[in-house]
Each structure stands twice: as C-alpha cells, then as structure tokens.
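Me: I'm new to this one. Can you walk me through it?

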Amino acid sequence: MNKSVFIIGSPRSGTTFVANLLRMNESNFVDIEPDPKFHKESRLYYETRNKIYLKYFSKQIKASIDNTAQNNLVYVSKSPNYLSFVNELVEQFNAQIIFVI
C-alpha cells in the first residue's frame, strides 16, 4: 500500500521544520512546496478557493505517491494549500495528516 503524509499548518507555524525533520529519515521522500510567488498553480488556488485545486493536482499528487512507493519510500508533502482539502486527502490517498499549530 502506498503511504502518504501531508503536513498542514499556517504560514510561519513550523511546517517546514517538521518537513525537514521527516526528511532526515531515509525512508521518506519529502516534497516541500515553495512559498507562493503567484505562479499559475498559486493563482488557481487563491483565486478560486474551491475543489478545482485538488482536482487539478490530484493526478500529480497520485503520480508522486506512486513513484515514491515504487522505491519503498513514504511520500511526505507540505503545503498550506492542503488545509481546505483535508477530508479529500484522507479519502483519496488514504493519507495521514500532521497539523502544525
């Protein structure tokens, strides 16, 4: 079974620190989204603020999880954009969620 962990928290809450801690474990592949610079993906999320964002990225997320699983690694991803989609992440990817507050 593919394993995935999503780190969610407000900006400046320590999510990058948690991601870097998890990165130290060789059995994890950690994907850290850079701060939004208003490129296409960020605009799509911030302008629409609905489930279009998850639909747009779900194929990319699934591909990353599958590729990581082929190497027997746990996929770890950190993004404040995931906050609105916690239920969908758990249902669609059987994910574990780490909330940083």
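The chat below goes through aromatic pairs, nonpolar cores and strand pairing.

Me: What kind of model is this?
Reply: This is a predicted model.

Me: OK. How many aromatic pairs does the structure hold?
Reply: There are 4 aromatic pairs. One of them joins Phe6 and Tyr75, with 6.2 Å from centre to centre and 70° between the planes.

Me: What do you call that geometry for Phe6 and Tyr75?
Reply: Edge-to-face. The cut-off for that label is over 60 degrees between planes.

Me: Which parts does the Phe6 and Tyr75 pair tie together?
Reply: Phe6 sits in strand 1, residues 4-9, and Tyr75 sits in strand 3, residues 74-78. So the pair links parts that are 69 residues apart in sequence.

Me: Is Phe6 buried or exposed?
Reply: Buried, with a relative accessible area of 0%. Tyr75 is buried too, at 2% relative accessibility.

Me: And how do the rings of Phe29 and Tyr75 sit?
Reply: Their centres are 6.2 Å apart and their planes are at 20°, so this pair is stacked. Phe29 belongs to strand 2, residues 28-32, so this pair ties strand 2 to strand 3 across 46 residues of sequence.

Me: What about the exposure of Phe29?
Reply: Phe29 is partly exposed, with a relative accessible area of 38%.

Me: Which residues form the aromatic cluster?
Reply: Phe6, Phe29, Tyr75, Tyr82 and Phe93 form one cluster.

Me: Switching topic. How many residues are in the largest nonpolar core?
Reply: It has 11 residues, among them Phe6, Ile8, Phe57, Tyr75, Leu89 and Phe93. Strand 1, helix 3 (52-70) and helix 4 (86-93) each give two or more residues to this core.

Me: What does the second core include?
Reply: That core is separate and has 7 residues, including Val5, Ile7, Val30 and Val76.

Me: Strand 1 keeps coming up. How many of its residues are buried?
Reply: 6 of its 6 residues are buried. Ser4, Phe6 and Ile8 point one way from strand 1, while Val5, Ile7 and Gly9 point the other way.

Me: Which sense does strand 1 take when it pairs with strand 3, parallel or antiparallel?
Reply: Parallel, over 4 bridges. Ser4 stands opposite Tyr75 there.

Me: And how many bridges join strand 1 and strand 4?
Reply: These two pair in the parallel sense over 5 bridges, and strand 4 covers residues 96-100. Within strand 4, Gln96 is the bridge partner of Val5.

Terms used:
Residues numbered from 1 in each chain as written. Predicted model: local features only at pLDDT ≥ 70, side-chain atom pairs only at ≥ 80, totals over all residues. Heavy atoms only, no water. Phe/Tyr/Trp six-rings, centres within 6.5 Å; stacked < 30°, edge-to-face > 60°. Buried < 20%, exposed > 50% of the residue type's maximum accessible area, 1.4 Å probe, protein only. Core = buried A, V, L, I, M, F, W, Y, C linked by side-chain atoms within 4.5 Å. Pairing = 2+ DSSP bridges.
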